[in-house]
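Have the sequence and the structure side by side for what follows. The text goes from the chain as a whole to one helix, then to the core and its rings.

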Amino acid sequence: MSENNSVNGNETSAVMSSPFLKMLVQQIRANDSYGFYRNWSDELILKPFVVTKQKKKEISIEGEVDPATISRINAFFRAIASRIEIETGMISNVVIQLGHEGFGWALVFSGRLLLTIKTLRDAHRFGFGSLEKLNEEGEAFVQKGIELAQRFPDVGNL
């Protein structure tokens with residue numbers, strides 16, 4: 001494996017400048033107990049999150065959700081929780097309930113306060129059109145969670 005194992009041969013500036021994408025990469029690397037991603041660039045680690053509309057059409061929604069897809073969903077919401085925790089100081093946790101058909105929900109909470117809620121449909125096809133869309137969606141969840149945490153600090157600190 002080469003030292004620079006990125007898609008385009010260099011780092012993407014979006015990854016280097018986005019706190020959310022940095023946290024997402026950090027979450028993936030933290031759960032890499034065998035060092036599989038050790039020599040991978042951040043861009044290459046995030047590549048599975050980019051799923052074009054054409055690719056989504058090709059992914060079957062029959063059968064169980066792929067374990068790699070479930071891992072991506074978990075990493076996405078753990079990154080949101082971590083960013084909220086860093087910004088607010090409130091310990092944030094994630095609960096994901098996902099049925100074998102690909103339907104369910106994801107919750108990010110602190111104490112008794114629900115910071116973000118996302119209904120998951122067609123989890124088999126979880127992904128974003130680009131790294132920019134991934135960042136936008138993640139940051140939107142983070143900002144909404146921060147706003148709620150700041151509005152209701154007593155509920156979040158229970």
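A contact here means heavy atoms within 4.5 Å. Of the contacts in the protein chain with a separation of 6 or more, 65% are between residues 24 or more positions apart. The model is predicted, so local features need pLDDT of at least 70 and side-chain atom pairs count only at pLDDT 80 or more, while totals for chains, interfaces and linings use all residues. Residues are numbered from 1 along each chain as its sequence is written, and side-chain values use heavy atoms, with hydrogens and water left out.

The protein chain holds seven helices and three strands; helices (H or I, at least four residues) and strands (E, at least two) are DSSP runs, numbered from the N terminus. From the N terminus on, their order is α-α-α-α-α-β-β-β-α-α. Of the 158 residues, 41% are buried, where buried means under 20% relative accessible area, exposed over 50% and partly exposed in between (1.4 Å probe, protein chains only).

Helix 5 has 22 residues and spans 31 Å from first to last C-alpha, close to the 32 Å expected at 1.5 Å a residue; the expected span is 1.5 Å times one less than the number of residues. Its buried residues include Thr69, Arg72, Phe76, Phe77, Ile80 and Arg83. The buried residues of helix 5 pack against helix 2, strand 1 (93-98), strand 2, strand 3 and helix 6. Just after helix 5, glycine 89 has a positive phi of about 80°.

Next comes the core. A nonpolar core is a set of buried Ala, Val, Leu, Ile, Met, Phe, Trp, Tyr and Cys residues joined through side-chain atoms within 4.5 Å. In the largest one, with 35 residues, Phe20, Leu24, Phe49, Phe76, Ile80 and Leu134 touch the most other members. Two or more residues each come from helix 2 (19-30), helix 3 (42-46), helix 5 (67-88), strand 2 (104-110), strand 3 (113-120) and helix 6 (131-151). Helix 5 gives the most, eight residues. Leaving aside residues up to four places away in sequence, Leu24 touches Leu46, Phe49, Ala75, Phe76, Ala79 and Leu134.

The whole structure has ten aromatic pairs. Rings of Phe, Tyr and Trp (its six-membered ring) pair if their centres lie within 6.5 Å; planes under 30 degrees apart count as stacked, over 60 as edge-to-face and the rest as tilted. Phe76 and Phe77 form an edge-to-face pair, 5.0 Å centre to centre with 90° between the planes. Phe76 is buried at 1% relative accessible area, and Phe77 is buried at 1%. Ring pairs link Phe20, Phe76, Phe77, Phe126, Phe128 and Phe141 into a cluster.
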